[in-house]
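Hi there,

Here is the structure I promised to pass on to you. Have a look at it first, and then read on for what turned up in it.

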Amino acid sequence: MVGVAGGIAAYKACHLVRDFKEHGDSVRVVPTQAALQFVGAATFEALSGNPVSTTVFDDVDSVQHVNIGQHADAVVVAPATADVIARIAAGRADDLLTATVLVATCPVIVVPAMHTEMWQNPATVDNVATLRRRGITVMEPAHGRLTGRDSGPGRLPEPEQIAELVRTELAGYRMGQGLAGKKIVISAGGTQENLDPVRYLGNRSSGRQGFALAEIAAQRGANVTLVAGNTEKLPVPSGAKVRNVVSTAELQAAMEEEARDADVVIMAAAVADYRPAHIAESKMKKGQADAELSSIQLVENPDVLKGIVAKRDAGELNPNAVVVGFAAETGDATHSALDFAKEKFLKKGCDLLMANEVGEGKVFGQSDSEGWILSRGAAPQVVAHGSKHVVASQILDAVQEIMSN
């Protein structure tokens, strides 16, 4: 079920309903009366294929205010205004939406959308804490443009972000607040090494896995900084601060600066191992470029992950920080991708290593992944094929297990 409260962000609920439907879900939309001032019932009925009602007095013989909640696999309230959050926290059942939430025993996910002042008001803060204490998932809102000229925390996340987080929760990975108060620094995407002002050396990393990690970590209450390479097509994870970089040197500087007081450092970026020894100041013309590009002299980039581990062990960073690395590997005639990942894990010295076998149509640029989580003194943990948000949840579960020991 998708509940829709009366805010300007109600139009995004249309895209959310369509996303669920395209994934094969049956959707019932339950708006508040105020929501219908923004989006008409006919729109929600056309998108969902189900009737729309706001009151418990419609279709009384089917007792829909009970049946909808009893039969739902998930109840998603998006957008959730300060008013609806307050009414749910108070246990009110004065319309079909709040009555359904009160009946539901399935996961309930509330996605706030309101002005910053309302989100930060002590009354809303207390109401959100109440819902979370009762086991309801309350997502962190996005930062960005609000109604009018205002900007700040309180913006509804993009529909595809909401849908992916809901699917992750339904896969058994509850958001919770297990990382509340922790600073987590994550790198994502591929770095680019310039050849001239136009051309560069790069790789196929989309940054999706790093962004998924940032999304899940922020929803678990962490203070997240995302150092992002070539990822401009991805929506910013809700509640995360983003630093954009281009080259491996820029990524290294940003990661080392942010990691000084971090509790967790995750190197998910696919950094370039080499860079050109010389960068042309102007575009190499055709003919000239053919000659110069036929033999590019390369120099090795610094090992960012290994450097962070060394700084942590030397006391230059938080000595208790958990450091997580990634290994994108391929096998050969004598060794598997996992064999090479095990060797890398020993060399890097990190606490955890997420290993993927990459190749055509695998991992890079895809919405799903699989592989192994390597940790000290334990057998490799198989990560079954799943969305990158589900994989991120498993990685963060492993991080939280280390932090709790």
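Let's begin in the middle of things. The largest nonpolar core has 61 residues, and within this core Ile162, Leu213 and Ile266 touch the most other members. Helix H9 (residues 208-219) supplies the largest share of the core, 7 residues. Please keep in mind that this is a predicted model.

To see how one of those residues is packed, select Ile162. Setting aside residues up to four places away in sequence, Ile162 touches Leu16, Val76, Ala78, Val111, Met139, Leu156 and Pro157.

The peptide bond from Ala78 to Pro79 is cis, with omega near 0°. Most peptide bonds are trans. Pro79 has its place in strand E3.

That strand is part of a sheet. Five strands, in the order E2-E1-E3-E4-E5, form an open sheet with parallel pairing. E2 and strand E5 (137-138) stand at the edges with a single partner strand each, so one side of each has no neighbour in the sheet. Further in, E1 and E3 pair in the parallel sense over 2 bridges, and Gly3 has Val77 in E3 as its bridge partner. Helix H1 (residues 10-22) lies across E1, E2 and E3, and runs at about 170° to E1.

How many of the 6 residues of E8 are buried? The count is 6 of 6, so to speak a strand that is mostly covered. Lys183, Val185 and Ser187 point one way from E8, while Ile184, Ile186 and Ala188 point the other way, and all are buried.

E8 and E11 run parallel and are joined by 6 bridges, with Lys183 standing opposite Asn223 in E11. E8 pairs with E13 in the parallel sense too, over 4 bridges, and there Ser187 has Met267 as its bridge partner.

Helix H10 (residues 248-258) belongs to this part of the tour as well. Its buried residues are Thr248, Leu251, Ala254, Met255, Glu256 and Glu258.

Ala269 lies in the loop between strand E13 (264-267) and E14. Is Ala269 buried or exposed? With 11% relative accessibility, Ala269 counts as buried. Apart from neighbours within four places in sequence, Ala269 is in contact with Ser187, Ala188, Gly189 and Leu251. Ala269 and Gln209 are 60 residues apart along the chain, yet their C-alpha atoms are separated by 8.7 Å.

Finally, there is something from a record. An unreviewed UniProt entry gives the annotation "binding site" to Asp273, Lys283, Pro302, Asp303, Val304, Leu305, Phe326, Lys344 and Lys348. These positions span 76 residues in sequence, and their farthest two C-alpha atoms are 37.4 Å apart, so they do not all gather at one spot.

- Lys283 is found in the loop between strand E14 (274-276) and helix H11 (288-293). Lys283 counts as partly exposed, at 41% relative accessibility. Beyond residues up to four places away in sequence, Lys283 touches Asp196, Pro197, Val198 and Arg199.
- Leu305 is found in helix H12 (residues 304-313). Leu305 is buried, with a relative accessible area of 6%. Leaving out residues up to four places away in sequence, Leu305 touches Met267, Val323, Val324, Gly325, Lys348 and Cys350.

Best wishes

Definitions and conventions: Residues numbered from 1 in each chain as written. Predicted model: local features only at pLDDT ≥ 70, side-chain atom pairs only at ≥ 80, totals over all residues. Heavy atoms only, no water. Core = buried A, V, L, I, M, F, W, Y, C linked by side-chain atoms within 4.5 Å. Buried < 20%, exposed > 50% of the residue type's maximum accessible area, 1.4 Å probe, protein only. Contact = heavy atoms within 4.5 Å. UniProt positions renumbered as here; feature names shortened; annotations may be inferred. Pairing = 2+ DSSP bridges. Axes fitted to C-alpha atoms, helices over the stretch in contact; angles between N-to-C directions.
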